[in-house]
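Student: I would like to learn how to read strand pairing and a ligand shell from a model. Where do we start?

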Amino acid sequence: MKILVCISNVPDTTTKITFTNDNTQFNTAGVQYIVNPYDEIALSKAISLCEGGKGSVTVINVGESSTEPTVRKALAIGADDAVRVNAAPRDAYFTAFQIAEYAKSNDFDMILTGRESIDYNGAQVAAMIGEFLDIPSVSIIKKLDYDGTTATIEREIEGGKEILTVTGKFVASCAEGVAEPKIPNMRGIMSARTKPLQVVEAKEVEQLSTIQSFQTPPPRGTVKLVPTEETEKLIDLLHQEAKVI
Amino acid sequence: MSVLVYVEHADGKFKKSVYEAVSYAKAIAEQNNTNLTAISIGAVEATELSALGKYGASKVLSVNNEQLKNFVNQAYASVIAEAANAENANIVVLSNSFSGKGLGPRVAVKLKAGFVDGAIELPVVEGGKFSVKKTAFSGKAFAITEITAENKVIALNPNAFGVKESAGSEISVEDFTPADKASDFAAVVKEIIRATDKVSLPDAEIVVSAGRGLKGPENWGMVEELASLLGAATACSKPVSDADWRPHSEHVGQTGITVSPNLYIAIGISGAIQHLAGISSSKVIVVINKDPEAPFFKVADYGIVGDAFEVVPKLIEALKAHKG
Ligand SMILES: Cc1cc2nc3c(=O)[nH]c(=O)nc-3n(C[C@H](O)[C@H](O)[C@H](O)COP(=O)(O)OP(=O)(O)OC[C@H]3O[C@@H](n4cnc5c(N)ncnc54)[C@H](O)[C@@H]3O)c2cc1C
Ligand SMILES: Nc1ncnc2c1ncn2[C@@H]1O[C@H](COP(=O)(O)O)[C@@H](O)[C@H]1O
């Protein structure tokens with residue numbers, strides 16, 4: 001079994017998000033980068049599916065050389081080898097296209113991604129890869145069992161869940177519940193340095209959208225405090241002033 | 001040129017988020033002086049379909065065949081792209097729901113369209129540029145995205161636009177028969193399990209959320225009671241679902257669900273940056289916390305500094321009195 005896991009390099013979750021150049025660029029000063037938390041879940045699932053010599057896990061990242069520490073981290077967690085498509089990811093279409101192109105010439109049984117990247121959050125890449133490869137994609141999955149040919153998947157829907165099966169190759173984007181994120185151990189960290197990391201060049205593809213600028217949410221006014229003894233007043237405020245109940 | 005909106009149903013019924021998507025798509029159609037067509041896939045009654053006219057659709061294409069009864073995004077994407085071509089639609093709108101997230105990107109690739117997910121405002125069309133504001137960085141920021149491609153697909157966030165009725169449009173309901181593509185059905189839906197008695201979190205208008213301050217799962221009775229009085233969905237912070245006090249599907253934040261309700265009530269949650277990321281586009285935020293220094297108060301509109309075990313029962317009483 002061969003599994004491809006897509007890894008995105010994102011700012012640490014504690015990052016305070018600011019922008020530079022007239023709000024057109026994300027301010028990377030002092031930002032720590034991590035493996036996108038959902039991708040850790042996808043990777044951990046792939047590793048446990050392949051445990052005991054049942055298969056191999058390749059991670060792929062579309063990014064410039066600055067993302068290599070993140071790719072190495074994925075190798076330390078337990079991926080067997082890595083591919084970096086050498087280009088700054090322009091948008092989800094570009095990223096998915098590059099990953100699909102790589103997957104076309106390398107035969108994978110499944111491709112796992114995270115549910116969404118916590119920076120630009122599109123939750124787009126998985127379904128786009130599916131479309132480029134003309135194979136099924138299942139977005140935001142909570143559970144995955146695989147018997148070698150058929151996957152049984154649980155995905156979240158509003159107010160419940162759906163259980164489906166997929167036979168043959170597929171792409172799935174993983175959310176919490178699919179696996180417990182694995183933490184790299186010393187041996188993993190040591191061996192990550194020598195595991196293969198292949199760099200491939202990006203292919204040309206049309207650009208369909210661009211981010212023009214960013215905004216941060218307007219600061220909220222100061223909080224209106226209601227004393228504990230007058231708790232019932234909160235109901236009046238929400239009803240009459242805020243008009244939300 | 002026209003605008004196409006995909007109307008997703010659950011058990012043959014449309015939800016508020018669908019009427020919202022139709023209202024939004026209608027506003028885009030008006031911006032472009034064109035008509036709005038809706039596409040529905042699966043068994044939905046004609047009365048339910050024609051009710052979409054109220055929100056501005058002038059035509060509904062209804063696909064009702066056994067094979068397409070359940071949502072399979074690969075197959076549904078083919079149908080929607082086919083409908084877009086048939087209607088000569090260069091803008092496709094859908095809800096940014098769980099299914100919409102699996103569908104929008106596939107439709108976009110099929111149509112070679114620029115895709116904006118999580119749109120929160122109407123597009124701005126200016127000087128030949130078409131841009132849409134969307135959430136980014138897990139709700140910590142917004143990105144103004146220009147769609148440069150001729151075709152456009154937009155997924156609208158729930159509660160972002162509101163339901164708007166549109167005066168007097170006539171609506172026609174037509175059957176639509178898409179081409180048969182067997183390879184679209186490698187995924188097969190086996191079972192759908194919905195808790196019908198609960199308000200679903202992502203599109204709830206009011207959310208009552210609680211954190212580690214509640215000490216243990218046995219104390220959620222009052223949270224649920226408050227939620228049910230308000231017609232609200234319940235949610236929680238990450239450590240609460242990690243400890244299995246509540247299901248993962250309730251976990252809100254940067255690594256959980258992002259919500260944008262009209263009212264978010266946070267009880268015994270400190271307000272860590274990762275939690276705030278998931279709720280910052282809520283319209284009104286109420287915080288109940290015994291620690292006056294809790295960071296959550298900095299983003300709250302209303303707050304009560306006090307013990308949840310004292311405040312919440314009082315709120316429940318006050319709410320019962322308010323409802324008479
Ligand atoms: C990679 C990463 C991702 C994360 N993603 C998320 C995420 O998506 N969502 C999320 O929520 N967290 C996330 N976290 C965790 C986050 O950093 C916080 O640890 C978490 O939000 C804290 O949860 P809490 O507020 O319930 O608990 P605590 O921080 O323990 O706060 C409990 C609060 O309850 C108050 N309290 C205690 N007793 C009472 C009482 N009797 N009455 C009233 N108030 C009381 C306390 O004053 C305190 O403010 C993430 C962390 C990391 C590292
Ligand atoms: N630059 C990238 N390189 C590799 N995988 C990526 C990249 N960006 C996103 N992904 C994958 O796609 C998932 C969804 O990302 P997104 O569609 O950007 O929200 C992520 O969780 C990753 O698994």
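Tutor: With a definition: two strands pair if DSSP finds at least two bridges between them. Keep in mind that this is a predicted model.

Student: In which sense do β9(A) and β10(A) pair, and over how many bridges?

Tutor: Strand β9 (residues 137-146) of chain A runs antiparallel to β10(A), with five bridges between them. A:K143, for instance, is opposite A:E154 in β10(A).

Student: What joins the two strands of that hairpin, and which residue there has a positive phi?

Tutor: Three residues lie between β9(A) and β10(A), and A:G148 in this hairpin has a positive phi near 105°.

Student: How many bridges join β10(A) to β11(A)?

Tutor: Eight bridges, again in an antiparallel arrangement, link β10(A) to strand β11 (residues 160-167) of chain A. Here A:I157 is opposite A:G160 in β11(A). The hairpin of β10(A) and β11(A) has two residues between its strands, and A:G159 takes a positive phi near 70°.

Student: What share of chain A as a whole is buried?

Tutor: Of its 245 residues, 55% count as buried. Chain A has six helices and 15 strands. Among its contacts between residues at least 6 apart in sequence, 70% join residues at least 24 apart.

Student: Now the ligand. Which residues are closest to ligand 2, and how many surround it?

Tutor: A shell is read by listing its residues, then their classes, then the polar contacts. Ligand 2 is surrounded by 20 residues, the closest being A:C6, A:D39, A:S117, A:A123 and A:Q124. By class, eight are nonpolar, ten polar and two charged.

Student: Which atoms of A:N36, A:G114 and A:V125 lie by the oxygen atoms of ligand 2?

Tutor: For A:N36, a side-chain N or O atom is 3.0 Å from an oxygen atom of ligand 2. For A:G114, a backbone N or O atom is 2.9 Å from a ligand oxygen atom.

Student: How much of ligand 2 does the protein bury?

Tutor: Taken alone, ligand 2 exposes 480 Å², and the protein buries 94% of that. Elements giving two or more residues to the shell are β6 (56-62), α3 (92-104) and β8 (110-114) of chain A. The largest share, three residues, is from β6(A).

Methods. Residues are numbered from 1 along each chain as its sequence is written. Chains are lettered from A and ligands numbered from 1 in the order in which they are written. This is a predicted model: local features need pLDDT of at least 70, side-chain atom pairs count only at pLDDT 80 or more; totals for chains, interfaces and linings use all residues. Side-chain values use heavy atoms; hydrogens and water are left out. A residue is near a molecule or strand if one of its heavy atoms lies within 4 Å of it. A polar contact is a pair of N or O atoms within 3.5 Å; within protein, one must be able to donate a hydrogen and the other to accept it, and residues adjacent in sequence count only if both atoms are side-chain atoms. Accessible areas come from the Shrake-Rupley method with a 1.4 Å probe; for residues, only the protein chains shown count as cover. Helices (H or I, at least four residues) and strands (E, at least two) are DSSP runs, numbered from the N terminus. Ala, Val, Leu, Ile, Met, Phe, Trp, Tyr, Cys and Pro count as nonpolar, Asp, Glu, Lys and Arg as charged, and the others, Gly among them, as polar. Buried means under 20% relative accessible area, exposed over 50%, partly exposed in between (1.4 Å probe, protein chains only). Contact means heavy atoms within 4.5 Å.
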